[in-house]
Amino acid sequence: MRIVAQSIAWAYEPGDLPAGESTPLDLNTSPPRAATIGGIHALESTTAEIEDHAVLRYGTLYGPGTWYAPHGRIAARLRAGELRADDAVTSFVHVHDAARAALLALSRPSGAEVCGPAGRLGQYCIRQTRVEGL
């Protein structure tokens, strides 16, 4: 039996460079972020107890039905002038790409890697990785 856990990509500890597969989770953070990171750690470590598993760390979802759709909550705030650009970095993934990644994860053997065109993140990329300490 295979289990596919759908996790998030903004749980890494802070750093000067973009986070990668080897970047640890931000386990020493303070509340209220600590509750989210603790939940992610529990999800991923429990999933890793099953031999045939995959963990998908999605970026912020955009597309139909999300806050980032053209008529969604964030778009409305942008139109109202309530949001300003800053130096924060966010990785986005389209809901259709996230669904496709989940579907592909069901049929790939543990340890498999499947990436979208040219291996670009933001399309879809599945990497089954065992992280030390999980």
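Select Phe92 first: with a relative accessible area of 35%, this residue is partly exposed, a class that lies between buried (under 20% relative accessible area) and exposed (over 50%), with a 1.4 Å probe and protein chains only. The model is predicted: local features need pLDDT of at least 70 and side-chain atom pairs count only at pLDDT 80 or more, whereas totals for chains, interfaces and linings use all residues. Residues are numbered from 1 along each chain as its sequence is written, and side-chain values use heavy atoms, with hydrogens and water left out.

Phe92 belongs to strand 4, residues 92–94. Strands (E, at least two residues) and helices (H or I, at least four) are DSSP runs, numbered from the N terminus.

**The surface around Phe92**

Together with Phe92 they form a nonpolar patch on the surface, with about 400 Å² of accessible area. Patch residues have over 30% relative accessible area and no salt bridge; nonpolar side chains (Val, Leu, Ile, Met, Phe, Trp, Tyr) are joined within 5 Å, and like charges within 9 Å. Accessible areas come from the Shrake-Rupley method with a 1.4 Å probe, and for residues only the protein chains shown count as cover.

**The second largest pocket**

Colour the lining by class to find eight nonpolar, two polar and two charged residues. Ala, Val, Leu, Ile, Met, Phe, Trp, Tyr, Cys and Pro count as nonpolar, Asp, Glu, Lys and Arg as charged, and the others, Gly among them, as polar. Helix 2 (residues 73–79) gives the most to this lining, with three residues.

**Salt bridges**

A salt bridge is a side-chain nitrogen of Lys or Arg within 4 Å of a carboxyl oxygen of Asp or Glu; the whole structure has four.

Next, select Arg57 and Glu44, whose closest N and O atoms are 2.4 Å apart in another salt bridge. Arg57 is in strand 2 and Glu44 in helix 1, so the pair ties together parts 13 residues apart in sequence. Glu44 is buried, at 2% relative accessible area, while Arg57 is partly exposed at 21%.

Then select Arg2 and Asp52, which form a salt bridge of 2.6 Å, N to O. This pair links distant parts of the chain, 50 residues apart: Arg2 is in the segment before strand 1 (3–8), and Asp52 in the loop between helix 1 (33–48) and strand 2 (53–58). Arg2 is buried at 17% relative accessible area, and Asp52 is partly exposed at 29%.

**The whole chain**

Three helices and six strands are present, in the order β-α-β-β-α-β-α-β-β from the N terminus. Of the 134 residues, 31% are buried.
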